[in-house]
Amino acid sequence: ANYRRVSCPDGINTATNEACCAFFALRDDLQTNLFENECSEDVHESLRLTFHDGVSFSKSGNFSGGGADGSILLFADIETNFSENLGTEDGTDALAPFLTRHLVTAGDLIQFAAAIGLTNCPGAPRLQFLVGRPNATAAAEDGAIPGPADSVDTILARFADAGFTSDEVVRLLASHSIARSDTIVPNHQAVPFDSTPFNFDTQFFLEVLLRGTAVPFNRTEPNISGGEIDSPLAAEGEMRLQSDFALARDSRTACEWQSMVDDQTLMMENFRTSMMKLSNVGQDISKLIDCSELIPEPLPATKPNATFPAGTNSSELQLTCASPFPSLATDPGQATQIPECPDGDLNLADCPS
Ligand code: HEM
Ligand SMILES: [Ca+2]
Ligand SMILES: [Mn+2]
């Protein structure tokens, strides 16, 4: 083994490989000036970009996209206009200045921003981080990214063509535990998919299994063309994607979905390994350099498994997997108030910056 470390040109840091050096300053810049050391909106947006960059790839050649090559950032003016990429301009606009300020490729920047940002989210796994994705030379093609109104057949087929199994699709959806929609509910932004949008926990997997009753904000109809469906916590402002609903109940994916509800550790490990794949789609891994040492240990999880939000219980579960369902506690007290800021504040207007 070679234990020698190189001294970085910054005169401060040492690294296992010179290729890692540029990421020390980038890490500080992202944490201070974009994420504010929190599991903030920009963390969520950066993580979302890994999906919309990576899944553009096609083994069959049906789509020309290069996978995790940064094309969504380099060709943002084209790709963020694809209908399934609605809202991704928030992420690309946020990351663009960092591409100018740091000598890194766009593909590496997207993966690094997601891995660093996740460390601010309690319960997130520490992701692998490899360096050396060459800059994309062309935009990805429209139509490669599945959307929330798509059927399970369509979603699984598209992911399979990008190199993912149905289990991996479910595992990657742990990302929706720190997710809020800006585009689906008319006139509303930051509409959460679970009751803890700043915690990378298993609440998402539980809450999507509960019977939906209504859509948030006293609307009468879900935005069906936008892939919205009734949620169990509409009064608290939670929404649900039709695709999440369907994947939680389909015979091909329901058991994988259910397996993570009471197992934070399993969810973390499942997400870590599937992100290893998503972050390197279309890349020759033998040409990449492991700079995982740049990724700190994320904040620890705040609880080991999901709990029924106050006012809900096991009679509302819609289970299609035959495995026994775990026995979970119910949160005491009044209906769950969903925080709107990473510091727990309930009012979006009070979020820092
Ligand atoms: C079946 C596949 C998927 C579908 C249909 C889907 C759909 C969506 C939709 C419609 C939104 C809301 C966007 C908005 O209105 O602002 C969203 C948000 C998000 N998605 Fe997915 N997604 C899928 C898979 C993934 C994957 C694989 C990842 C990453 C590993 C991911 C990460 C996220 C994140 C982090 C957000 C929240 C962004 C924010 O809060 O600003 N999604 N997704
Ligand atoms: Ca959550
Ligand atoms: Mn957002």
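This is a predicted model: local features need pLDDT of at least 70, side-chain atom pairs count only at pLDDT 80 or more; totals for chains, interfaces and linings use all residues.

Student: Where does ligand 1 sit?
Tutor: You'll find ligand 1 in the largest pocket.

Student: And how many residues surround ligand 1?
Tutor: There are 26 of them, and the closest are His176, Arg180, Ser181, Asp182 and Thr183.

Student: Which protein donor does the iron atom have?
Tutor: The iron atom of ligand 1 has a single donor from the protein: NE2 of His176, at 2.1 Å. A polar side-chain atom of His176 is also 3.0 Å from a nitrogen atom of ligand 1.

Student: Where is His176 in the fold?
Tutor: His176 belongs to the loop between α8 (166-172) and β4.

Student: What about Arg180 and Ser181, which parts of them face ligand 1's oxygen atoms?
Tutor: For Arg180, a polar backbone atom lies 2.9 Å from an oxygen atom of ligand 1. For Ser181, an N or O atom in the side chain is 2.6 Å from an oxygen atom of ligand 1.

Student: Switching topic: which element gives the largest share of the shell?
Tutor: That is α2, with six residues. The elements supplying at least two residues each are α2 (41-54), α7 (152-162), β4 (180-181) and α12 (264-278).

Student: Which domains does the shell draw on?
Tutor: Domain 1 (15-145 + 276-294) and domain 2 (152-264 + 303-348) each contribute at least three residues.

Student: Last one: how does the shell split by class?
Tutor: Around ligand 1 there are 14 nonpolar, seven polar and five charged residues.

Note on methods
Residues are numbered from 1 along each chain as its sequence is written. Chains are lettered from A and ligands numbered from 1 in the order in which they are written. Side-chain values use heavy atoms; hydrogens and water are left out. A residue is near a molecule or strand if one of its heavy atoms lies within 4 Å of it. A polar contact is a pair of N or O atoms within 3.5 Å; within protein, one must be able to donate a hydrogen and the other to accept it, and residues adjacent in sequence count only if both atoms are side-chain atoms. On a 1 Å grid over the protein atoms alone, a cavity is a set of points where a 1.4 Å probe fits but cannot get out, and a pocket is an open set with protein on both sides within 12 Å along at least five of seven lines; lining residues have an atom within 4 Å of a point. A molecule sits in a cavity or pocket if more than half of its atoms lie within 2 Å of its grid points. Helices (H or I, at least four residues) and strands (E, at least two) are DSSP runs, numbered from the N terminus. Ala, Val, Leu, Ile, Met, Phe, Trp, Tyr, Cys and Pro count as nonpolar, Asp, Glu, Lys and Arg as charged, and the others, Gly among them, as polar. Domain bounds come from an automatic or database domain assignment. Donors are N, O and S atoms within 2.8 Å of the metal (3.2 Å for Na, K and Ca); water is not among the atoms, so sites may look incomplete.
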